[in-house]
Amino acid sequence: MLDLILTKKEGLVGDVKLKGSLGCSDHKMVEFRILRAARRACSKLTTLDFSRADFGLFRDLLGRIPWDKALEGRGAQDSWLIFKGHLLQAQERCIQTKRKSSKTTKRPPWMNKELLGKVKCKKEAYRGWKQGQVAWEEYRETVQAAGEQVRKAKALIEISLARDVKDNKKSFYRYVSDKRRTRENVGPLQNEPTVGEDQV
């Protein structure tokens, strides 16, 4: 069997070594080193932090505005814009914002605390096996147990979404959309023909 490492940029990986077979598979384990420092993705999304909001000041600021005079002779659209402007000004003064955590946004719907613990144990077992502190049989059992739990959790959430599709269509189609979403990580393996080159 031919095992490959595909990257989008030249010089991204190095020190490629073939290790032993993975179980009874014909494939070889490939060990390599990433030559560039990984960038930690930081979420730039912000949301209102209502836990630290000063609602007393918020009500006081809006209560000081003479609404009858401010909206006198205004149409519906103009009245809405005036109200919205005062509301946003009070919101900016009374409600702080916080950066939205990317950990919770990327967590799949079937993931819970129990599964997170299983996945963590699997990673620790892999680290121990790489360092020679955990036997291969123990590591394999941990991986199989974690995989079985993940498969059961996925099956349960899919059954629940399918059963309640009439009452919760939004969650169902969001889950289907996420499953169909693909990412193009590796470019084409064949260069496009240049101008003047014969195309076969």
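Guide: Partly exposed means a relative accessible area between the buried limit, under 20%, and the exposed limit, over 50%. The model here is predicted.

Visitor: How does Tyr126 count: buried, partly exposed or exposed?
Guide: The relative accessibility of Tyr126 is 38%. Buried needs under 20% and exposed needs over 50%. Tyr126 therefore counts as partly exposed.

Visitor: Which helix holds both Tyr126 and Trp129?
Guide: Tyr126 and Trp129 form a tilted aromatic pair, 6.1 Å centre to centre, with 50° between the planes. They are three residues apart, about one turn of the helix. Both lie in helix 5 (residues 113-130).

Visitor: Which residues form one aromatic cluster with Tyr126 and Trp129?
Guide: Tyr126 and Trp129 make an aromatic pair. Their cluster also takes in Trp136 and Tyr139.

Visitor: How many aromatic pairs does the structure hold?
Guide: The pair of Tyr126 and Trp129 is one of them. The structure's count is eight.

Visitor: Is the pair of Trp67 and Phe83 stacked, edge-to-face or tilted?
Guide: The ring centres are 5.6 Å apart, and the planes stand at 50°. Stacked needs under 30 degrees, edge-to-face over 60. So the pair of Trp67 and Phe83 is tilted.

Visitor: How many residues apart are Trp67 and Phe83?
Guide: Trp67 sits in helix 2 (residues 67-70) and Phe83 in helix 3 (residues 76-94). Their pair links distant parts of the chain. The separation is 16 residues.

Visitor: Is Cys94 buried or exposed?
Guide: Cys94 has a relative accessibility of 4%. The limit for buried is under 20%. Cys94 therefore counts as buried.

Notes:
Residues are numbered from 1 along each chain as its sequence is written. This is a predicted model: local features need pLDDT of at least 70, side-chain atom pairs count only at pLDDT 80 or more; totals for chains, interfaces and linings use all residues. Side-chain values use heavy atoms; hydrogens and water are left out. Rings of Phe, Tyr and Trp (its six-membered ring) pair if their centres lie within 6.5 Å; planes under 30 degrees apart count as stacked, over 60 as edge-to-face and the rest as tilted. Helices (H or I, at least four residues) and strands (E, at least two) are DSSP runs, numbered from the N terminus. Buried means under 20% relative accessible area, exposed over 50%, partly exposed in between (1.4 Å probe, protein chains only).
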